[in-house]
Amino acid sequence: MFEKSPAPGQTRRALLLTGAVGLATVTLDLPANANDEHAGASEDTYDAVELIKRLTGKTPVASDRLHLLMPRTFPNGYTVPLGIEVESPMTESDYVRYVRVVAPRNPLIEVATFHFVPRRSLPRVSTRIRLAEPQFVLAAAELNDGTLLMATTWVDVATNGCA
Amino acid sequence: MAAVMPRVQVPSSVSKGEVFQIKALISHRMETGLRRDHEGNVIPRDIINKFVCRYNGADVFTVDLHEAVSANPYFEFYLRATESGPLEFVWYEDGGKLYSLAHQLAVE
């Protein structure tokens with residue numbers, strides 16, 4: 001009995017994750033997923049990697065050099081703050097070309113792409129975006145050597161910002 | 001529709017090598033093309049789809065905007081002062097219209 005009723009937070013997370021996975025895969029072992037939080041989490045990271053790969057043609061690597069700064073929860077989906085920062089020397093030989101932001105559960109998933117140049121710009125920007133529902137927001141940063149860094153963050157919005 | 005108004009906030013002078021902040025905002029409804037009017041007709045898409053900041057004639061910060069950027073798009077970004085020169089800001093609207101502002105940056 002105890003095993004079948006995990007902590008409320010866990011249930012919610014599992015539900016959200018199975019929802020996201022359910023879109024991509026038809027066959028879904030719901031009880032197994034609901035009981036194993038980690039399986040759900042890795043499944044979701046896998047989806048993010050696949051999506052970035054499909055959009056850019058490159059395999060991204062999760063990186064702590066790319067910071068995607070967003071509130072965990074926000075009351076409305078119309079003006080959700082978005083901050084991006086990449087740790088980079090921005091020299092001619094080592095710089096960030098662009099950062100692309102995607103909201104996979106918006107009706108139109110592309111959000112914005114920010115382009116930078118060596119020496120004169122810093123890979124740091126903030127803006128406000130629309131989110132249709134709670135979701136993982138993804139950011140991919142391409143470096144001049146072709147490396148693609150990825151970061152994801154969960155954002156919970158109470159209202160649909162795309163309606 | 002309210003008038004489209006671009007605005008920027010840039011320091012008037014900075015020291016050489018210094019990193020400075022720019023705030024750029026344009027009042028624009030950023031109509032997504034997903035909404036319908038009272039008769040059920042789709043309201044056509046009308047967004048700012050590109051923003052460019054030029055420093056001495058060279059593009060230094062560019063944004064490709066999609067429908068998910070909020071109304072009245074606002075960007076806060078950072079440049080390094082390399083030399084005195086003009087800073088130009090251009091917003092491109094669907095349909096080919098553009099809005100621009102220029103600013104003279106003095107680097108000491």
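This is a predicted model: local features need pLDDT of at least 70, side-chain atom pairs count only at pLDDT 80 or more; totals for chains, interfaces and linings use all residues.

Me: What is the mean pLDDT of chain B?
Reply: The model as a whole scores ipTM 0.96 and pTM 0.83. In chain B, 98% of the residues reach a pLDDT of 70 or more, and the mean is 95.

Me: Which helix gives the most residues to the side of domain 1 of chain A that touches domain 2 of chain A?
Reply: The domain assignment divides chain A into domain 1 (8-55) and domain 2 (58-157). Their contact draws eight residues from domain 1 and eleven residues from domain 2. The domain 1 side comprises six nonpolar, no polar and two charged residues. Seven residues of that side come from helix α3 (residues 37-56) of chain A.

Me: Which residues have the most contacts inside the largest nonpolar core?
Reply: Buried residues account for 31% of the 163 residues in chain A. Among contacts in chain A between residues at least 6 apart in sequence, 63% join residues at least 24 apart. Ala139(A) shows such a set of partners: beyond four places in sequence, its contacts include Leu66(A), Val99(A) and Ala151(A). The largest nonpolar core holds 53 residues, and those with the most contacts inside it are Leu138(A) and Ala139(A).

Me: Is Ser63(A) buried or partly exposed?
Reply: Ser63(A) lies in the loop between β1 (61-62) and β2 (66-69) of chain A. Beyond four places in sequence, Ser63(A) is in contact with Leu149(A), Met150(A) and Ala151(A). A residue needs 20 or more C-beta neighbours within 10 Å to be buried. Because Ser63(A) has 17 C-beta neighbours inside 10 Å, the residue counts as partly exposed.

Me: Which element gives the most to the side of chain A that touches chain B?
Reply: In the contact between the chains, 26 residues of chain A meet 24 residues of chain B. The chain A side divides into 13 nonpolar, seven polar and six charged residues. The elements that give two or more residues to this side are β6 (110-116) and β7 (121-129) of chain A. With eight residues, the element that gives the most is β7(A).

Me: Which residue of β5(B) does His115(A) stand opposite?
Reply: Strand pairing also links the two chains: five bridges join β6(A) to strand β5 (residues 58-65) of chain B. These two strands run antiparallel. Within β5(B), the residue opposite His115(A) is Thr62(B).

Me: How many residues of β8(B) are buried?
Reply: On one pairing, two bridges join strand β2 (residues 13-14) of chain B to β8(B) in parallel, with Val14(B) opposite Val107(B). On another, eight bridges join β7(B) to β8(B) antiparallel, with Trp91(B) opposite Tyr99(B). Despite these pairings, β8(B) is hardly covered, and among its ten residues the count of buried ones is one.

Me: Which residue in the hairpin of β7(B) and β8(B) takes a positive phi?
Reply: The hairpin has four residues between its strands. Asp94(B) is found in this loop, between β7 (85-93) and β8 (98-107) of chain B. The positive phi, near 95°, belongs to Gly95(B).

Me: Why does Asp94(B) count as partly exposed?
Reply: Beyond four places in sequence, Asp94(B) is in contact with Arg45(B), Asp46(B), Ile47(B) and Asn49(B). The C-alpha atoms of Asp94(B) and Pro44(B), 50 residues apart along the chain, are separated by 10 Å. Asp94(B) counts as partly exposed because its number of C-beta neighbours inside 10 Å is 14.

How values were computed. Residues are numbered from 1 along each chain as its sequence is written. Chains are lettered from A and ligands numbered from 1 in the order in which they are written. Domain bounds come from an automatic or database domain assignment. Two residues are in contact if their C-beta atoms, placed from the backbone, lie within 7 Å. Ala, Val, Leu, Ile, Met, Phe, Trp, Tyr, Cys and Pro count as nonpolar, Asp, Glu, Lys and Arg as charged, and the others, Gly among them, as polar. Two strands pair if DSSP finds at least two bridges between them. A residue is buried if 20 or more other C-beta atoms lie within 10 Å of its own, exposed if 12 or fewer, and partly exposed in between; C-beta atoms are placed from the backbone. A nonpolar core is a set of buried Ala, Val, Leu, Ile, Met, Phe, Trp, Tyr and Cys residues joined through C-beta atoms within 7 Å. pLDDT is the predictor's confidence in each residue, from 0 to 100.
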